[in-house]
Amino acid sequence: MTSFRIRSGFVLFLLPILNAPALAEEPSEDTHTAFLEHMHSHLEQISEIKDAVIAGNLPDVREPARWLAASEPPGLSLPWMPYVQEMRRYASRAADATDLVAAASAVSEIARTCGDCHRASGVSIAFGFDERPPEEEQSLMTQMQRHLWAADRMWEGLIGPSDSAWNRGAAILSEIHLDISDFTGSSAEGASSAENESRMSELLSRASGMGEQGGLAASTELRSGLYGEFLSLCASCHSLTGGGPEAR
């Protein structure tokens, strides 16, 4: 089995969230602290689901998805509860998903819902981007690093929400053009059959155009749908090759 380990190394910054209108009026200092801690936990659990989907590991989706489905941020004011309820609904879908395609769609919608809530409540979430993968070397490993870098930036674009992060991810994704021959000698035995090679070629062909589509997608709904499809392609490819990113 071939696997590779890539760390995203992102740093999360919550910008003036303490004064966010999403909080109930004049919350106590303890409520502020509890709210911030809960939001950090939200991001961690959502990211775990996303990483599990990318790795093609459906069982690892369930625990964090169930946590999110039962979560209730402390001190949140009533106007923003519909976003929380929508997030819980998609989290339940992820927890009950019977395949990675359904899980990918659900977690993408969770990210979109978070971003919509942030925008509506006037909260900005910024991510410190990790260094862009080098362009000089064109190995399978560096191409996979670029795929993962793009996935992380587009993810941050949904959750932030951030047009800049989304467009950075879509731009690098549009530059990646893999062929089935790139996997020769580096994939699991299952990818050697004619049927699996045909499936791999189809997945790579679909992935190659997603960067350009992403650059044209302006609404969060379009971006979420596209990102869910991208995650499912990653999961399907890793399932076929026996590879995928290890826990980061």
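This is a predicted model: local features need pLDDT of at least 70, side-chain atom pairs count only at pLDDT 80 or more; totals for chains, interfaces and linings use all residues.
Analyst: In this structure a helix is a DSSP run of type H or I with at least four residues, a strand is a run of type E with at least two, and both are numbered from the N terminus.

User: Is Asn-196 buried or exposed?

Analyst: The general idea is that a residue under 20% relative accessible area is called buried; Asn-196 has 19% relative accessibility and therefore counts as buried. The C-alpha atoms of Asn-196 and Leu-240 are separated by 7.0 Å, although the two residues are 44 residues apart along the chain.

User: Which residues of helix 7 are buried, and where do they lie around the axis?

Analyst: The buried residues of helix 7 are Asn-196, Met-200, Leu-203, Leu-204 and Ala-207. Because they cover an arc of only 95° around the axis, they sit on the same side of helix 7, while Ala-194, Glu-195 and Ser-205 are exposed on the other side. The buried residues of helix 7 pack against helix 6 (163-174), helix 8 (210-216) and helix 9.

User: What span should the 15 residues of helix 7 have?

Analyst: At 1.5 Å a residue, the 15 residues of helix 7 should span 21 Å, and the end C-alpha atoms are 21 Å apart, so the two values agree.

User: How should I read a pair of aromatic rings, and how many aromatic pairs are there?

Analyst: A pair of aromatic rings is described by the distance of the centres and the angle of the planes. Here the count comes to two aromatic pairs. In one of them, Trp-155 and Tyr-227 are tilted, with 6.0 Å centre to centre and 35° between the planes. Trp-155 lies in helix 5 (residues 140-159) and Tyr-227 in helix 9 (residues 220-241), so this pair ties together parts that are 72 residues apart in sequence. Trp-155 and Tyr-227 are buried.

User: What kind of aromatic pair do Tyr-227 and Phe-230 form?

Analyst: Tyr-227 and Phe-230 form an edge-to-face pair, with 6.3 Å centre to centre and 75° between the planes. The two residues are three residues apart in helix 9, which means that about one helical turn separates them. Both Tyr-227 and Phe-230 are buried, and together with Trp-155 they form one aromatic cluster.

User: Which residues have the most contacts inside the largest nonpolar core?

Analyst: The largest nonpolar core has 58 residues, and those with the most contacts inside it are Ile-46, Val-53, Val-61, Ile-110 and Tyr-227. Leaving aside neighbours within four places in sequence, Ile-46 is in contact with residues including Leu-68, Ile-110 and Trp-155. Val-53 is found in helix 1, residues 29-54, and has a relative accessible area of 0%, so Val-53 is buried. With neighbours within four places in sequence again set aside, the contacts of Val-53 include Val-61, Leu-100, Leu-231 and Ala-235.

User: Where do arginines lie over the face of a ring?

Analyst: Arg-89 lies over the face of Tyr-90, at 4.8 Å from the ring centre, and Arg-153 lies over the face of Trp-149, at 4.8 Å from the ring centre.

User: Which residues does a cis peptide bond join?

Analyst: As a general idea, most peptide bonds are trans. In this model a cis peptide bond joins Gly-160 and Pro-161, with omega about -10°, and Pro-161 lies in the loop between helix 5 and helix 6.

Definitions and conventions
Residues are numbered from 1 along each chain as its sequence is written. Side-chain values use heavy atoms; hydrogens and water are left out. Buried means under 20% relative accessible area, exposed over 50%, partly exposed in between (1.4 Å probe, protein chains only). Rings of Phe, Tyr and Trp (its six-membered ring) pair if their centres lie within 6.5 Å; planes under 30 degrees apart count as stacked, over 60 as edge-to-face and the rest as tilted. A charge sits over a ring if NZ of Lys or CZ of Arg is within 6 Å of the ring centre and within 35 degrees of the ring normal. A nonpolar core is a set of buried Ala, Val, Leu, Ile, Met, Phe, Trp, Tyr and Cys residues joined through side-chain atoms within 4.5 Å. Contact means heavy atoms within 4.5 Å. The expected span of a helix is 1.5 Å times one less than its number of residues. The arc is that of the directions from the helix axis to the C-beta atoms.
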